[in-house]
Amino acid sequence: MARITLTRRAVQTVSFLLVVYGGFLFGGELDRSRGEIVTDSGYSGTFERGRGIRFVEREKPAVEFHLPVTSCYYQHRGLFSGCSLLYISEHLTWMTPLVHWLPSLLLIVTLMFLFGRLWCGWVCPFGALSDVLTWLRKLLGRDHRLLSRRWRDGLVVTKYVLLFLTLGLSLLAALPALGPKGSSLLLPFCQMCLGKFASPLLSFATVCWTNWRDWITGTFSVLGLATLTLFFVGFSVRRLYCRICPIGGLCAPFNRYGLVSLQKDARKCTRCGSCASVCPVDNLTVYEGRAVDAVNACECTLCLRCVEACPEPGCLELTMVGKRVVRS
């Protein structure tokens with residue numbers, strides 16, 4: 001059953017190369033209608049020309065679409081336009097009539113409905129980088145650290161706080177009453193996302209580490225450096241950054257209400273605990289399942305390590321549209 005991990009590693013590698021470097025192969029022409037906002041100490045987002053904001057022109061992405069993974073706008077010559085949270089935040093801020101962005105939004109929702117958090121476990125480039133940290137830790141012979149349930153639950157709450165705070169601040173930035181301060185709230189999560197630092201580095205571009213234009217952008221800068229630190233703490237705690245990522249929060253409900261399902265036949269379970277020990281996000285839903293039923297959890301990244309590690313034939317299986325894809 002090691003073929004599951006081998007297959008996932010292959011998919012992660014191809015996805016990483018496409019998302020991060022695909023634009024170098026399939027990049028488009030210079031886009032003169034959009035660009036990076038420039039402040040005294042860096043840029044903070046992407047917006048249409050003519051809003052009184054100074055721009056540095058950038059290349060147009062080869063694919064004008066936003067993925068439900070951390071496909072970052074800040075990377076040089078990106079293949080895609082950005083992530084799904086960027087897409088929603090941008091249109092909330094500019095109060096774009098829904099009719100203009102609904103088709104792309106429905107496509108994003110459809111992709112999440114079809115695959116749930118398989119996007120996190122198999123496609124996201126920063127999920128792959130988190131797994132690289134785990135591989136390095138194992139290579140050095142270091143054990144990972146388990147978080148208490150209280151800490152795990154706290155990280156889940158943090159993720160949804162970041163998600164709803166991002167959406168709320170994106171709407172707040174649209175208020176004319178805020179004046180110049182409103183521009184500091186543009187794309188709030190982008191200003192503190194790991195991708196802001198990692199994507200330019202990986203694509204050979206200049207990194208804007210901080211923006212001290214005012215107290216708002218300064219706060220985002222501090223939070224951004226905190227998320228960067230949190231990612232490297234993932235050397236000891238598996239997939240730590242993934243546990244607070246609000247992009248994963250957008251996909252999470254579709255683990256339970258989408259077409260992908262993780263099924264367990266508890267009659268075949270011997271309570272060996274293999275599923276719990278290999279889970280990179282310390283999800284206990286599979287282990288605690290006591291029925292012949294779905295054991296879908298919003299926090300599960302569907303990496304299928306539990307299916308791979310389960311020693312009991314037919315105890316665990318992944319289904320899509322009710323059809324078995326793989327089983328233990």
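Visitor: In which hand does α2 pass α6, left or right?
Guide: The crossing of α2 past α6 is right-handed. Keep in mind that this is a predicted model.

Visitor: What angle do α2 and α6 pack at?
Guide: About 30°, and the axes of helix α2 (residues 84–93) and α6 are 7 Å apart. An angle under 35 degrees counts as roughly parallel, so α2 is roughly parallel to α6.

Visitor: Which residues make the contact?
Guide: From α2 it is L85, I88, S89, L92 and T93. From α6 it is L163, T166, L167, S170 and L171.

Visitor: How many of the residues in the contact of α2 with α6 are nonpolar, polar or charged?
Guide: Six are nonpolar and four are polar, with no charged residues.

Visitor: Switching to α1 and α5. What's the geometry there?
Guide: Helix α1 (residues 3–26) packs against helix α5 (residues 125–139) at an angle of about 125°, and their axes are 9 Å apart. That angle makes α1 oblique to α5. The crossing of α1 past α5 is left-handed.

Visitor: Which residues meet?
Guide: On the α1 side, R8, R9, Q12, F16, V19 and V20. On the α5 side they meet P125, G127, A128, L129 and D131. The contact of α1 with α5 divides into six nonpolar, two polar and three charged residues.

Visitor: How many salt bridges does the structure hold?
Guide: There are 12. One of them pairs R149 with E288, where the closest N and O atoms are 3.2 Å apart.

Visitor: Where do R149 and E288 lie?
Guide: R149 is in helix α6 (residues 149–172) and E288 is in helix α13 (residues 285–288), so the pair ties together parts that are 139 residues apart in sequence.

Visitor: Now confidence. What's the mean pLDDT of the chain?
Guide: The mean is 87, and 89% of the residues reach 70 or more.

Visitor: Where is confidence lowest and where is it highest?
Guide: It is lowest in strand β1 (residues 30–37), with a mean of 43, and highest in helix α4 (residues 118–123), at 97. The pLDDT is below 50 over residues 30–57. Beyond near neighbours in sequence, that stretch has 83 contacts in the model.

How values were computed
Residues are numbered from 1 along each chain as its sequence is written. This is a predicted model: local features need pLDDT of at least 70, side-chain atom pairs count only at pLDDT 80 or more; totals for chains, interfaces and linings use all residues. Side-chain values use heavy atoms; hydrogens and water are left out. pLDDT is the predictor's confidence in each residue, from 0 to 100. Helices (H or I, at least four residues) and strands (E, at least two) are DSSP runs, numbered from the N terminus. Contact means heavy atoms within 4.5 Å. Axes are lines fitted to C-alpha atoms, for helices over the stretch in contact, and angles run from 0 to 180 degrees between N-to-C directions. Angles under 35 degrees count as roughly parallel, over 145 as roughly antiparallel, 65 to 115 as roughly perpendicular and the rest as oblique. A crossing is left-handed if the near helix is turned anticlockwise from the far one by less than a right angle, and right-handed if clockwise. Ala, Val, Leu, Ile, Met, Phe, Trp, Tyr, Cys and Pro count as nonpolar, Asp, Glu, Lys and Arg as charged, and the others, Gly among them, as polar. A salt bridge is a side-chain nitrogen of Lys or Arg within 4 Å of a carboxyl oxygen of Asp or Glu.
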